[in-house]
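Thank you all for coming.

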Amino acid sequence: MVSEQKEKLESLIKAALDKKALDLIVLDIRALLTYTDYIVICSGDSVIQVQAIACYVEEEMKKKGIRAFGIEGVSEGNWALMDYNDIVFHIFYEPVRYFYDIEGIYPEVPQYRFASDDESMKGMEGRLFAT
């Protein structure tokens with residue numbers, strides 16, 4: 001189970017970063033909530049980029065046989081939500097993200113940041129999947 005979840009999370013993060021998602025953060029909420037294990041949040045600097053990230057993530061996940069339980073908000077482009085059951089992925093147009101401040105709702109949970117221009121994916125397993 002952990003390896004499937006690890007692959008899903010890594011694929012989701014990589015796809016978002018491939019489309020230049022900004023300020024990607026993973027919230028490990030396993031100890032706090034029961035409806036999901038991780039919340040992934042990122043931003044796009046335009047409505048078009050938010051839509052592009054969402055469409056690309058969906059496409060890349062489908063290639064791996066992973067389908068979202070639900071996707072909302074893509075056509076509007078201010079805030080897209082992709083529900084992968086144990087991972088909930090939010091893509092915000094930057095100003096909208098700071099208004100809702102989802103990561104601020106859970107300040108007590110471990111938070112992990114990822115960027116496309118560094119090696120932040122290395123060691124992800126040790127950080128996110130430690131027991």
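I will go through the sheet, then the nonpolar cores, and then a few single residues.

Please keep in mind throughout that what you see is a predicted model.

Let me begin with the sheet, which is an open one of six strands, arranged in the order 3-4-5-2-1-6 and with mixed pairing. Strand 3, covering residues 70-72, and strand 6 stand at the edges, and because each has a single partner strand, one side of each is left without a neighbour in the sheet. From one strand to the next, the twist averages 15°. As background, the strands of a sheet pair through backbone hydrogen bonds, and they may do so in a parallel or an antiparallel way. Here, strand 4 and strand 5 pair in the antiparallel sense, over five bridges, and if you look for L81, you will find that its bridge partner in strand 5 is H90. Helix 2 packs on this sheet, where it touches strand 2, strand 3, strand 4 and strand 5, and the direction of helix 2 makes about 155° with that of strand 5.

Which residues of the largest nonpolar core touch the most other members? They are L24, V26, V57, F89 and I91, out of the 27 residues in that core. At least two residues each are supplied by helix 1, strand 1, strand 2, helix 2, strand 4, strand 5 and strand 6, and the largest share, six residues, comes from helix 1. Apart from this core lies another, of 11 residues, including I29, I39, I102 and Y106.

C42 is buried, with a relative accessible area of 0%, whereas C55 is partly exposed, with a relative accessible area of 42%. How many disulfides does the structure hold? The number is zero.

Finally, I would like to point out S11, which is found in helix 1, running over residues 2-18. Is S11 buried or exposed? With a relative accessible area of 11%, S11 counts as buried, because the cut-off for that term is under 20%. If we do not count residues up to four places away in sequence, S11 touches M61 and K64.

Definitions and conventions: Residues are numbered from 1 along each chain as its sequence is written. This is a predicted model: local features need pLDDT of at least 70, side-chain atom pairs count only at pLDDT 80 or more; totals for chains, interfaces and linings use all residues. Side-chain values use heavy atoms; hydrogens and water are left out. Helices (H or I, at least four residues) and strands (E, at least two) are DSSP runs, numbered from the N terminus. Buried means under 20% relative accessible area, exposed over 50%, partly exposed in between (1.4 Å probe, protein chains only). Contact means heavy atoms within 4.5 Å. A disulfide is a pair of cysteine sulfur atoms within 2.5 Å. A nonpolar core is a set of buried Ala, Val, Leu, Ile, Met, Phe, Trp, Tyr and Cys residues joined through side-chain atoms within 4.5 Å. Two strands pair if DSSP finds at least two bridges between them. Axes are lines fitted to C-alpha atoms, for helices over the stretch in contact, and angles run from 0 to 180 degrees between N-to-C directions.
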